[in-house]
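Please look over the sequence and the model before reading on.

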Amino acid sequence: MSEARTLLGWAAEQETAALPEAVLRTTLTIVCDDLAAMLGAHAEREVRTVSGQAGGPGEATVVGLPGTRAERRAAAFANAVAANWTELDGGYRPATCHGSLYTLPAALAEVEATGGTLGDLLAAVVVGYEVVARIARAYRPPLPLVLHPHATLSPIGAAAAIAAARRLPPDQFTRSVLGAASMSLTGPFAHATEGATVRNAWAAAGAQLGFVAADVAVAGLTASPTVLDEVFGRVGGATPQPHQLTDGLGERYAVQDGYQKPYACCQYLHSSVEAAARVAQEVHPSAISAISVLAHPLAAALRNAEPRTSLAGRFSLPHAVATVLSARDASAGAFAASSLEDPDVARLRALVTIEEWADPPRPPHDRPSRVQVTLTDGRVVEETVLSAAGGPDRPLSREQLLAKYATLTGELRPGFAERVRTLTDPARALDLDLKLDTLLDDLLGGPR
């Protein structure tokens with residue numbers, strides 16, 4: 001496909017110095033946001049265990065373990081598992097795609113292992129994010145989702161980021177990405193709603209496949225030039241929109257349409273969570289007798305009323321609304337595994353009825369929600385949120401982001417948020433020549 005080759009040829013030619021400063025600063029925010037998510041996830045036993053399994057030569061930082069480095073592929077795997085464990089990694093608003101999850105763990109490991117700089121990392125993430133986000137837009141899967149994008153798209157994002165970090169020429173860059181597309185995984189979307197936590201390793205497996213794709217591309221191995229149509233169209237059921245691969249290329253970057261998450265659950269649920277949080281300010285949970293949620297189709301499909309794992313809870317509309325109304329709190333702690341067994345949350349979950357918002361408005365108001373709570377005295381309290389906070393139309397402020405980081409990392413990495421405050425200070429020039437290993441040691445409080 002000529003559009004794919006145009007996109008990948010353009011991507012191979014991008015240099016840090018040519019990228020707009022605003023794009024680089026946005027990408028730095030994305031990097032810091034995902035690093036905070038990686039750190040915060042290490043409160044969970046499974047994440048600590050996966051990170052502890054990372055071994056081999058000390059090439060790249062394992063973010064959640066103080067002063068620990070591992071072989072780059074192992075570090076990328078561990079960091080990807082951590083990044084998406086609590087659902088606090090960033091996402092991409094125009095399509096179902098977590099561009100930074102699919103690019104950052106691989107880019108972070110590759111750039112550090114090869115002695116690269118902050119500028120090298122930012123450029124690799126910008127380029128990888130652009131490639132995978134455009135492919136996600138060009139091949140939108142039919143609804144309801146059958147395959148999870150963490151499985152299908154992560155090898156592509158990782159391969160593009162690694163190819164950019166290695167500065168592969170256009171032919172090898174193209175072979176890397178198309179080869180990665182042929183390695184797309186078939187992770188069922190239902191794993192997320194059922195709470196099968198192996199789902200949290202799909203992007204990690206994709207990061208490793210990205211290394212494989214880049215390595216074999218340099219060796220000369222090729223994929224079919226029509227692989228995107230074959231994998232995402234013929235097999236995945238998407239109707240290709242090839243113009244999405246090239247329209248406006250280089251004018252507005254995909255990273256500028258990303259979102260940062262204030263709530264530790266699937267973004268489809270965020271408007272419902274925000275509406276519930278507003279209602280919770282006015283009502284006491286013990287007085288609630290009925291809960292009605294009108295939600296856009298992507299959220300309304302997440303109906304598991306008895307989630308058994310924290311992942312299932314983060315993909316459950318009844319649980320998300322119930323836990324926020326019960327705790328009267330929408331911070332990350334409200335979605336912890338302990339909420340699954342809370343009898344007050346269970347009572348409220350059973351009261352939730354869901355109706356699909358059949359004709360949502362146009363973006364950015366295409367993921368709306370209305371939460372209506374009936375009280376025992378007959379009073380009704382209702383709140384509507386057309387677009388949740390965190391997206392490009394309602395971005396989190398710098399102070400809100402720093403507060404999020406402080407909450408996530410305060411116990412595991414005291415000082416991380418303040419170090420990020422300094423690093424991202426808009427009044428300071430970006431030090432693109434700063435060695436990445438030095439920067440990570442400073443941010444994460446490791447050895448200097």
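## Overall form

The model described here is predicted. The protein contains 20 helices and eight strands. Its C-alpha atoms occupy a box of roughly 70 × 50 × 40 Å along the principal axes.

A compact globule of 448 residues would have a radius of gyration near 22 Å, and the 21 Å found for the protein therefore agrees with that expectation. Of the contacts with a separation of 6 or more, 78% join residues 24 or more positions apart.

## Burial, surface and charge

Buried residues account for 57% of the 448 residues. The protein exposes about 16700 Å², and 52% of this area is supplied by carbon and sulfur atoms.

There are 38 positive and 48 negative side chains in the protein. The centres of these two sets lie 1 Å apart.

Ser 176 belongs to helix α9, which covers residues 170-182. Ser 176 counts as buried because its relative accessibility is 0%, and buried means under 20%.

Within the protein, a polar atom of the Ser 176 side chain lies 2.8 Å from the backbone oxygen of Gln 172. Leaving aside residues up to four places away in sequence, Ser 176 touches Ala 159, Ala 163, Leu 168, Ala 213, Ala 214 and Ala 217.

Technical notes
Residues numbered from 1 in each chain as written. Predicted model: local features only at pLDDT ≥ 70, side-chain atom pairs only at ≥ 80, totals over all residues. Heavy atoms only, no water. Helix = DSSP H or I, 4+ residues; strand = E, 2+ residues; numbered from the N terminus. Rg over C-alpha atoms; globule rule 2.2 N^0.38 Å. Buried < 20%, exposed > 50% of the residue type's maximum accessible area, 1.4 Å probe, protein only. Contact = heavy atoms within 4.5 Å. Areas by Shrake-Rupley, 256 points an atom, 1.4 Å probe, with all protein chains shown as cover. Lys, Arg positive; Asp, Glu negative; His and termini not counted. Charge placed at Lys NZ, Arg CZ, Asp CG, Glu CD. Polar contact = N/O pair within 3.5 Å; in protein donor to acceptor, adjacent residues only side chain to side chain.
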